[in-house]
Amino acid sequence: MSVDRTLRVRGARVHNLRDVDVDVPLGGLVGIAGVSGSGKSSLALGVLYAEGSKRYLEALSTYTRRRISQASEAAVGSMENVPAALALHQRPAVPGIRSTFGTMSELLNSLRLMFSRLGSYRCPNGHRVPPGINFSMDRPFVCPECGAEFWGLSAEDLAFNSGGACARCSGTGVVREVDDSKLVQDESLTLREGAVAAWNQMGIQWMYRVAGELGVRMDTPYRDLTTEEKDIVMNGPEVQRMVMIPSSNGKLFELNCTYRNARRAVEESLGKALTEKAVERVDRFLTIRPCQDCGGTRLNDAARAVLLCGLTLPEACAMPLSELSVWVSGVPDRLGPELRPMAEAIVGEFVRTSRRLLQLGLGYLSPDRAGSTLSTGERQRVQLAKSVRSRLTGALYVLDEPSIGLHPSNVEGLLGVVRDLTEGGSTVVMVDHDVRALRACDHLIEMGPGAGTGGGTIISQGTVDEVSADPSSLIGPFLRGRRIVARERADPEEVFSRGAI
């Protein structure tokens, strides 16, 4: 019995799509092209991904579905042979403060394991102990100089988001300290008029009344307060006072308040901040600088003390991936014969991961690079490399313009990674404008003919040769190399009139 290898869509009406019918062959690379606003992403993400992810989630329990964000339901008449779908969006979410290129790509997992199992430790008395297989054999190390026994560190003990975190910065690499100069931003105001910006921002603008009970003049400009009065505002004791607080309707009510000076108000709010918006609200009163205890490495002293082939873990993480990969590849040959088999296994995993990232042109990034500083294109390529590692079979991957921000020399690397997905039995649907990427597709779908209300239909589809030969195709001349893609900025009507992709 033959298996239908075609995803059939009938009557798609997402955004500007006008009852689109399309057959998408499964098991290969499918490109979707067209002018900007023609409906490419609506078809790829709004229909194929939305329906594929929805059907997969429907197979899960209600309890599980409630905890997973879901794409909106596609407005479509019918869809057949829909595989489980994953989307690699053009603009992935910005990573949190603890994310680095190393954690996002999972390179750091292999590095931590290497240093944990293969590294040279420092004994409690400060002597250097040569590497050995003690950790793997669940036995302590013994210092050859002083005879002290100690246990090696696990990979988790070398993680800045776990046991290896610097105590001062909690593994973030930076410290946030209250900046007194930012707590009062207009010294011409009185406390009653809201001179203490920190109290106003934290929703306790009435705290000036408690300061008044402690002897601070409430109707004198802040700059004219005495040194003692200013010290109470900034550093006053956590005492309780009865004050009269006006309600929203103007009535007064008596409240027993605990005084929170301007500094403490900010520190408490920082400790309670659970969202990005809450942190931003507090950050305006803080000075952020590298942690002096760990030097910005995020790791505690014990984690920083482990040496592998002359390098510490922070030093290895500071190397560009292109250089680090060469160093890691040479580690097994620099170790003794008893450690070499284990080293080769760990290094092999690192090399497999790094090879994909190097193919995608990310060799200039170092593992300690903060995830929040990566561009959207860089984050998407990290996602793509991780998808290849997952080795899913029969899945539908939807890529939204993966060539954006990619150097021309790395487009072939991108296509090589994509081919790894299709050779594993999955289908890749790629929205893109890059002609080289489109020429590599097994099947092309061209949306158009214009943008917005002028688009939303399929004007050509088939193999690259079939679309190239189709007289109705706008991208055909570019695929054949008879026209060059215009790079200057232009409005959609002008782009359409030139036939640019």
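**Note on helix packing and the mixed sheet**

1. Helix 13 (residues 321-329) packs with helix 14 (residues 340-359) at an angle of about 155°, their axes being 10 Å apart. Helix 13 is therefore roughly antiparallel to helix 14, a label given to angles over 145 degrees, while those under 35 count as roughly parallel, 65 to 115 as roughly perpendicular and the rest as oblique. Axes are lines fitted to C-alpha atoms, for helices over the stretch in contact, and angles between N-to-C directions run from 0 to 180 degrees. Helices (H or I, at least four residues) and strands (E, at least two) are DSSP runs numbered from the N terminus.

2. This is a predicted model, in which local features need pLDDT of at least 70 and side-chain atom pairs count only at pLDDT 80 or more, whereas totals for chains, interfaces and linings use all residues. Residues are numbered from 1 along each chain as its sequence is written, and side-chain values use heavy atoms, with hydrogens and water left out.

3. Which residues does helix 13 bring to helix 14? Leu321, Ser322, Leu324, Ser325, Val328 and Ser329 of helix 13 meet Val347, Phe350, Val351, Ser354, Leu357 and Leu358 of helix 14, contact meaning heavy atoms within 4.5 Å. The residues of this contact comprise 8 nonpolar, 4 polar and no charged. Here Ala, Val, Leu, Ile, Met, Phe, Trp, Tyr, Cys and Pro count as nonpolar, Asp, Glu, Lys and Arg as charged, and the others, Gly among them, as polar.

4. Helix 13 also packs with helix 4 (residues 107-118), at an angle of about 35° and with the axes 13 Å apart. From helix 4, Leu107, Leu111, Met114 and Phe115 meet Leu321, Leu324, Trp327 and Val328 of helix 13. The residues of this contact divide into 8 nonpolar, no polar and no charged.

5. An open sheet is formed by 6 strands in the order 5-16-17-3-18-19, with mixed pairing; two strands pair if DSSP finds at least two bridges between them. Strand 5 (85-88) and strand 19 (457-462) are the edge strands, each pairing on one side only. From one strand to the next, the twist averages 20°.

6. Strand 18 (residues 443-448) and strand 19 run antiparallel and are joined by 5 bridges. Glu446 has Ser460 in strand 19 as its bridge partner.

7. Helix 1 (residues 40-58) packs on the sheet, and the strands that helix 1 touches include strand 3 (29-33) and strand 16 (396-400). The direction of helix 1 makes about 140° with that of strand 5. Helix 16 (residues 411-423) lies across strand 3, strand 16 and strand 17, at about 125° to strand 3.
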